Amino acid sequence: MISLAGRDILHAWSRFVLTGMGLGLLIGVTLSMAGIYRGMVDDAGALLDNSGADLWVVQKDTQGPYAESSSLRDDVVHSVRGMPGVARAANVTYFTMQVARGALDVRAMVVGFEPGLPGAPGALVAGRRITRSHYEAVADVKTGFAVGDTLRIRRHDYTVVGLTRRTVSSGGDPMVFIPLKDAQEAQFLKDNDAIVNERARSAANPAFNRPGIPGLLDAITDSQSSNHNVNAVLVQIAPGLDAEAVAEPIRRWKHLTVFTRAQMEEILVAKLIATSARQIGMFLVILAVVSAAIVAFIIYTMTLGKIREIAVLKLIGTRNRTIAGMILQQALGLGLIGFMVGKTAATLWAPIFPKYVLLLPGDALRGFVVVMAICALASLMAIRAALKVDPAAAIGG
Amino acid sequence: MTHPTHGIRIEGLRKRYGEGDTAVDALKDVNMQVAPGEVVGLIGPSGSGKSTLLKCLGAVIEPTAGRMILGEQTIYDNGWTLPDLRALRRDRIGFVFQAPYLIPFLNVTDNVALLPMLAGQKNAVARARARELLAALDVAHRAEAQPSELSGGEQQRVAIARALANQPPVILADEPTAPLDSERALAVMRILNQMAAQYRTAIIVVTHDEKIIPTFRRIYHIRDGKTHEEAGEGRAIDLAPAHA
Ligand SMILES: Nc1ncnc2c1ncn2[C@@H]1O[C@H](COP(=O)(O)OP(=O)(O)OP(=O)(O)O)[C@@H](O)[C@H]1O
Ligand SMILES: [Mg+2]
């Protein structure tokens with residue numbers, strides 16, 4: 001027996017390939033959407049990995065430092081270091097801002113870190129580590145900076161001395177690492193006008209500007225412009241200890257909130273990314289419905305165009321099963337072409353996306369199964385129409 | 001190959017459409033007998049029951065009463081005697097329609113070979129059979145062509161080859177010459193006569209076509225659901241060879 005479906009596809013191949021390509025682009029978009037979600041989850045994982053921390057100590061009753069803002073005094077780290085099971089602890093600041101790159105600016109997450117401690121940039125892909133205590137930076141390659149470039153954060157210029165890769169915020173923004181002190185200053189630093197205004201306001205306030213107490217006004221303006229806060233303390237625990245067991249005393253004694261790695265992942269993936277994931281889920285559903293509608297429509301019209309041939313095929317003794325199989329195979333063939341085009345398209349255009357698109361083979365496989373299932377479902381209407389054809393219709397009235 | 005020896009016989013065939021007040025008795029008393037190798041005409045005015053008779057013979061609608069004997073086998077005796085009418089149509093009845101109705105996505109050979117394939121023959125055997133028939137019908141040179149690449153006459157010859165493919169004892173032809181001019185119509189009739197003789201097939205040709213009526217040796221008139229037999233002029237064999 002010959003493959004009727006295959007012959008029909010060959011006969012109408014141009015229509016088939018064009019439809020398959022249209023469907024393929026839809027499938028490509030679908031796979032990319034899934035890839036964007038996977039990329040977000042992976043970004044979150046990379047963020048946690050890059051921090052090098054086992055525990056995140058944050059402001060009490062917040063879900064900081066990534067999902068909510070959190071502010072701690074920078075001397076908290078000393079008492080955390082004294083807690084049992086804590087191997088190393090470091091202050092860290094995070095804030096997202098536009099970093100000036102020449103005339104343009106890039107969105108980046110500025111990380112203030114203490115060299116050699118958790119939170120410091122990991123492996124460099126170019127350049128060197130920060131050696132001076134001020135105004136040097138290590139940037140993720142996605143910022144577009146090269147070693148030797150100058151970037152501007154608030155009022156200070158920083159020299160890029162090293163580059164990292166895949167160091168991104170949970171939102172996918174590339175990181176710029178600068179020394180903690182600089183970051184503390186930058187995070188809370190006001191611009192010159194603000195400082196001048198503030199000074200003038202303080203000077204005009206008789207409570208602060210007391211002729212009898214020299215130096216008071218200076219001390220006040222000083223405290224207004226310097227900052228001793230950080231967003232979190234990153235903790236590495238001693239090997240072999242249970243993270244929760246180390247976290248619990250810190251929570252109890254220091255009145256701080258402490259998250260383990262597992263809890264942090266839960267916050268990032270289940271809460272921070274949840275809305276985006278639902279958004280993407282909606283898209284996937286819509287795309288699936290649209291794809292199904294396209295396949296159903298095409299297969300249905302192709303079948304209606306063959307009613308006479310189907311009547312003849314039935315009259316000369318073709319089984320219903322054979323005819324249904326022919327239509328089903330055509331739908332699956334369309335799905336196969338669509339999937340191959342879609343997979344190729346998604347792979348080709350993934351690097352062009354501004355955010356990380358992670359195409360997992362497992363997702364592709366699942367996508368393939370779903371596409372085939374959708375095509376099979378979509379062919380039902382056409383199969384029903386074909387099975388209703390009366391073989392007597394081939395004999396004139 | 002064993003040639004059919006019995007042709008087809010129809011006795012007292014009746015067909016009623018619908019029930020009660022709206023019932024239509026399309027066939028009231030049809031009696032026909034066509035011998036192997038014979039081509040008979042079936043003519044009658046519009047609404048006389050020609051298509052109904054073809055559909056009963058073609059096992060796509062069920063008669064109401066009577067008997068139909070195909071070859072050595074009674075296929076209908078106040079009810080179908082066979083469980084599988086689809087296989088009956090596939091193996092034992094050939095169909096030729098007003099238009100060729102070839103399958104557009106199969107080439108000429110496979111259009112013919114499809115029937116033996118459906119009947120379970122190996123592809124190579126089915127294609128060999130198809131090529132043999134295409135040669136007999138003088139279209140062997142177009143064996144690899146697509147149906148859309150053939151002339152109307154060539155298409156109709158391929159359709160006849162398809163009807164013969166499983167060597168049925170009977171071929172039912174439904175206005176096979178209606179769209180053809182008189183020369184081509186006569187050529188088709190000549191081919192049908194040749195094939196009937198060569199393959200010992202009984203052929204029933206339903207027609208309105210004045211041009212081909214003189215070619216029949218025997219004609220069944222059907223009027224108001226009843227058949228009457230009469231002798232025809234039988235000039236088919238005298239026709240000068242012409243190409244469709
Ligand atoms: N499906 C049906 N239901 C009810 N009545 C029908 C049906 N098919 C045909 N008839 C009736 O049966 C009678 C015979 O119809 P049939 O189609 O066999 O005629 P015909 O000889 O083929 O006519 P024509 O030459 O116009 O094609 C007509 O009166 C017709 O109206
Ligand atoms: Mg009719």
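This is a predicted model: local features need pLDDT of at least 70, side-chain atom pairs count only at pLDDT 80 or more; totals for chains, interfaces and linings use all residues.
Local features need pLDDT of at least 70, side-chain atom pairs count only at pLDDT 80 or more, and totals for chains, interfaces and linings use all residues. Residues are numbered from 1 along each chain as its sequence is written, chains are lettered from A and ligands numbered from 1 in the order in which they are written, and side-chain values use heavy atoms, with hydrogens and water left out.

In the interface, 24 residues of chain A are in contact with 25 residues of chain B (heavy atoms within 4.5 Å). The buried area is about 2,400 Å² (accessible area, 1.4 Å probe, lost on putting the two parts together and summed over both). Carbon and sulfur atoms give 68% of this area. In chain A, the residues that lose the most area to chain B are A:Met1, A:Ile316 and A:Ile395, together 26% of what that side buries.

One salt bridge is counted between the chains (a side-chain nitrogen of Lys or Arg within 4 Å of a carboxyl oxygen of Asp or Glu). It joins A:Arg7 and B:Asp110, at 2.8 Å from N to O. On the side of chain A that touches chain B, α1 (4-11) and α10 (307-315) each give two or more residues (helices are DSSP runs of H or I, at least four residues; strands are runs of E, at least two; both are numbered from the N terminus). α10(A) gives the most, with six residues. This side divides into twelve nonpolar, five polar and seven charged residues (nonpolar: Ala, Val, Leu, Ile, Met, Phe, Trp, Tyr, Cys and Pro; charged: Asp, Glu, Lys and Arg; polar: the others, Gly among them).

The largest pocket is lined by 22 residues (on a 1 Å grid over the protein atoms alone, a pocket is an open set with protein on both sides within 12 Å along at least five of seven lines; a cavity is a set of points where a 1.4 Å probe fits but cannot get out; lining residues have an atom within 4 Å of a point). A:Thr30, A:Ala34, A:Leu284, A:Gly367 and A:Val370 lie nearest its centre. Helices α2 (13-51), α9 (274-304) and α12 (361-388) of chain A each give two or more lining residues. The largest share, eight residues, comes from α9(A). The lining holds 15 nonpolar, four polar and three charged residues.

The lining of the largest cavity includes A:Ile316 and residues of chain B, among them B:Arg89, B:Phe95 and B:Asn166. β6(B) supplies the largest share, three residues. The lining divides into six nonpolar, two polar and three charged residues.
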